[in-house]
Amino acid sequence: MNLRLLQLADSAFPSGAYAFSDGLETLTVRGEVRTAAELKAFLCGQLAHGWGQQDAPACALAWTGMLRAAPDELDALLDDLKLVRGPREASLRVGANLRRAALSLWPEELSTLPPTRHHAPTFGAVAAALGASQADTVTAYVSSWLLGRVAAATKLMKLGGLDAQRAARQAGDAAQDCIQHALRATVSDLGGFSPLLDIAAAEQPGLDSRLFQT
Amino acid sequence: MRQTGAMSPETPSHLPLKIGVGGPVGSGKTALLEVLCRELRGRYDLAVITNDIYTFEDQRILTAAAALSPERIRGVQTGGCPHTAIREDTSLNQEAVEALQSEFPGLDLIFIESGGDNLASSFSPELVDAWLFVLDVSGGEKVPRKGGPGVRYSDLLIINKIDLAPNVGADLRVMDADARAQRSVLHQSGRSEPGPEQIRPFIFTDLKRGLGVRDVIAWIEHDLLFKPVAPPRIGLV
């Protein structure tokens with residue numbers, strides 16, 4: 001796998017992604033996600049019906065170079081599909097931070113990077129410019145999301161690091177399905193329907209005490 | 001000039017000086033910012049960024065204290081990673097800095113307060129020009145002796161709540177000697193023998209009563225802004 005792709009997808013890459021939980025915080029505070037099994041269900045639900053149906057295919061499509069012909073199409077679509085303000089703004093902020101950091105690190109390789117706003121298209125376009133394959137790009141992107149959520153879970157739940165990683169492993173089939181779907185996707189496939197997850201994300205700003213920004 | 005990570009005299013004047021304020025929970029970081037804002041807001045164009053772990057409590061306290069107008073106080077939530085937000089991945093704080101600079105282009109100073117953390121925390125030089133670390137005496141006489149990046153390498157160490165020393169059995173002379181030892185810098189003279197010893201600045205304060213505040217301001221103005229003012233007094237004098 002491309003070394004630069006591993007660096008881009010690493011949790012230490014300075015994009016600010018560690019401050020967002022994608023609704024997990026609300027669900028843990030409500031007591032709806034308390035165990036490793038419930039965490040796995042959350043992860044599989046996001047991959048099959050929520051995040052995985054929007055961001056993973058957007059990343060895959062950005063890799064193909066479609067942004068050169070239609071620079072804002074994916075970003076505009078994500079603006080519309082991300083119904084809840086918190087996750088929508090988080091996607092834009094992390095995208096901007098990732099883009100800035102990547103341009104600082106690889107200015108020559110990214111000299112012709114097309115304009116991007118959201119995290120997923122930015123990741124896909126940057127990874128393509130750095131020479132990563134499409135399959136590796138989407139795999140790294142999904143893995144990065146998955147491990148970021150289980151890292152958040154260890155702070156939000158009574159859950160050890162090994163149990164959190166086990167939940168990620170058990171969500172592996174859902175992650176693979178998400179990746180395969182993303183690699184076959186066209187623009188019209190971007191969607192998702194996860195009202196309970198959206199409601200959880202929408203309620204997060206109202207929590208009395210919050211660890212994460214979303 | 002003292003050994004600090006401060007901006008050089010050539011730094012363009014329109015760029016604000018960014019000062020990190022770190023230290024354990026309850027040591028007096030927010031109290032320090034409150035008094036600094038009150039003392040400096042008439043002379044400098046100021047803004048503050050607070051990093052809270054769970055809430056916007058520090059932002060709320062500063063706003064309620066009317067230390068600055070609310071739009072000059074920005075809160076950043078750090079996903080339970082207060083040290084990450086000021087050291088490894090400062091992007092969330094950089095966002096706040098850029099937003100403030102965009103809204104207030106004439107800013108002279110931005111204070112960036114970390115979420116309460118432990119002795120291992122430190123600030124990235126990509127985020128701040130200089131940083132100070134606040135300890136308090138009630139943590140025990142031994143704390144300066146324990147060292148860590150804040151005690152050793154911060155540009156200014158503040159040991160606060162000196163009024164509590166008799167209540168916790170802390171001897172300020174011991175803390176002074178330990179801080180001095182931890183913050184000693186032996187500069188190489190270019191030959192094999194070490195050059196003269198320098199002590200990174202440290203100041204004892206009782207912020208509730210305003211003791212030591214003048215020296216903290218002297219550190220900012222003399223050491224960081226290169227103003228023609230007297231330097232701060234170091235340790236017990």
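Modeller: What follows covers the contact between the chains, then a sheet. This is a predicted model.

Biologist: What makes A:Arg93 and B:Glu95 a salt bridge?

Modeller: Their side chains meet at 2.7 Å, N to O. The cut-off is a Lys or Arg side-chain nitrogen within 4 Å of an Asp or Glu carboxyl oxygen, so the pair qualifies. Between chain B and chain A the count is 2 salt bridges.

Biologist: Which elements of chain B supply at least two residues each to the side that touches chain A?

Modeller: Strand 3 (73-77), helix 3 (82-86) and helix 4 (91-103) do. Helix 4 of chain B gives the largest share, 4 residues. By type, that side of chain B divides into 7 nonpolar, 7 polar and 4 charged residues.

Biologist: How much area do chain B and chain A bury between them?

Modeller: About 1,400 Å², with 45% of it on carbon and sulfur atoms. Each chain contributes 18 residues to the contact.

Biologist: Why are strand 3 and strand 9 of chain B said to stand at the edges?

Modeller: The open sheet of chain B runs 3-2-4-1-5-6-9, with parallel pairing. Strand 3 and strand 9 (202-204) each have a single partner strand, so one side of each lacks a neighbour in the sheet.

Conventions. Residues are numbered from 1 along each chain as its sequence is written. Chains are lettered from A and ligands numbered from 1 in the order in which they are written. This is a predicted model: local features need pLDDT of at least 70, side-chain atom pairs count only at pLDDT 80 or more; totals for chains, interfaces and linings use all residues. Side-chain values use heavy atoms; hydrogens and water are left out. Contact means heavy atoms within 4.5 Å. Buried area is the accessible area (1.4 Å probe) that two parts lose on being put together, summed over both. Ala, Val, Leu, Ile, Met, Phe, Trp, Tyr, Cys and Pro count as nonpolar, Asp, Glu, Lys and Arg as charged, and the others, Gly among them, as polar. Two strands pair if DSSP finds at least two bridges between them.
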